[in-house]
Amino acid sequence: MTDAQGTENWGASQTESGGGPSVPQTRTARHRRIVDILNRQPVRSQSQLAKLLADDGLSVTQATLSRDLDELGAVKIRNTGGELIYAVPSEGGFRTPQAPLGSPPRRSGCAASPASC
């Protein structure tokens, strides 16, 4: 989050910023919400992700968010527009991070055109 002076305010809770009541912040609930957000829309920065979580009533510090992303195996990948966005491996089978739903996978090299190999 950013305050009026443009500085990041990672620790403000919803009740301090005038928002609604805070949502219970268990690690599991936070992780679930982060994965949901990253699978639903492109997220380019931790500050953007922190704001999206705060909009849902989950206030996190930058250190906690960084640790959560690491624990989830989140990495930055390029979407079809060439922007770097966060992605997490899917649960179960395919463990390679994928762009959010609605973003077709970017193809290059031999996989896109075997004739070019």
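# Exercises on a predicted model

In the hairpin formed by β1 and β2, five residues lie between the strands, and G82 takes a positive phi near 85 degrees. The model is predicted.

**Exercise 1.** Determine in which sense strands β1 and β2 pair, and over how many bridges.

*Solution.* 
1. Locate the strands: β1 covers residues 75–78 and β2 covers residues 84–87.
2. Their pairing is antiparallel and runs over four bridges.

**Exercise 2.** Classify the packing of helix α2 against helix α3 by angle, and list the residues in contact.

*Solution.* 
1. Two packed helices are described by the angle between their axes and the distance between them.
2. Helix α2 spans residues 46–55 and helix α3 spans residues 62–71; their axes come within 10 Å and cross at roughly 100 degrees.
3. The range from 65 to 115 degrees counts as roughly perpendicular, so α2 is roughly perpendicular to α3.
4. On the α2 side the contact is made by Q46, L49, A50 and L53, and on the α3 side by Q62, L65, S66 and L69.
5. Sorted by class, the contact of α2 with α3 has five nonpolar residues, three polar ones and no charged ones.

**Exercise 3.** Repeat the analysis for helix α1 against α3.

*Solution.* 
1. Helix α1, residues 27–40, packs on α3 at an angle of about 75 degrees, the axes being 10 Å apart.
2. The angle makes α1 roughly perpendicular to α3.
3. From α1, the residues R27, R30, H31, I34 and L38 meet T64, L65, D68, L69 and E71 of α3.
4. By class, the contact of α1 with α3 divides into four nonpolar, two polar and four charged residues.

**Exercise 4.** Decide whether H31 is buried or exposed, and describe what H31 touches.

*Solution.* 
1. The relative accessibility of H31 is 12%. Buried means under 20%, so H31 counts as buried.
2. Leaving out residues up to four places away in sequence, H31 touches D68, E71 and L72.
3. Look at D68: the side chains of H31 and D68 are joined by a polar contact of 3.0 Å.
4. Look at L72: H31 and L72 are 41 residues apart along the chain, while their C-alpha atoms are separated by 7.3 Å.

Definitions and conventions:
Residues are numbered from 1 along each chain as its sequence is written. This is a predicted model: local features need pLDDT of at least 70, side-chain atom pairs count only at pLDDT 80 or more; totals for chains, interfaces and linings use all residues. Side-chain values use heavy atoms; hydrogens and water are left out. Axes are lines fitted to C-alpha atoms, for helices over the stretch in contact, and angles run from 0 to 180 degrees between N-to-C directions. Helices (H or I, at least four residues) and strands (E, at least two) are DSSP runs, numbered from the N terminus. Angles under 35 degrees count as roughly parallel, over 145 as roughly antiparallel, 65 to 115 as roughly perpendicular and the rest as oblique. Contact means heavy atoms within 4.5 Å. Ala, Val, Leu, Ile, Met, Phe, Trp, Tyr, Cys and Pro count as nonpolar, Asp, Glu, Lys and Arg as charged, and the others, Gly among them, as polar. Two strands pair if DSSP finds at least two bridges between them. Buried means under 20% relative accessible area, exposed over 50%, partly exposed in between (1.4 Å probe, protein chains only). A polar contact is a pair of N or O atoms within 3.5 Å; within protein, one must be able to donate a hydrogen and the other to accept it, and residues adjacent in sequence count only if both atoms are side-chain atoms.
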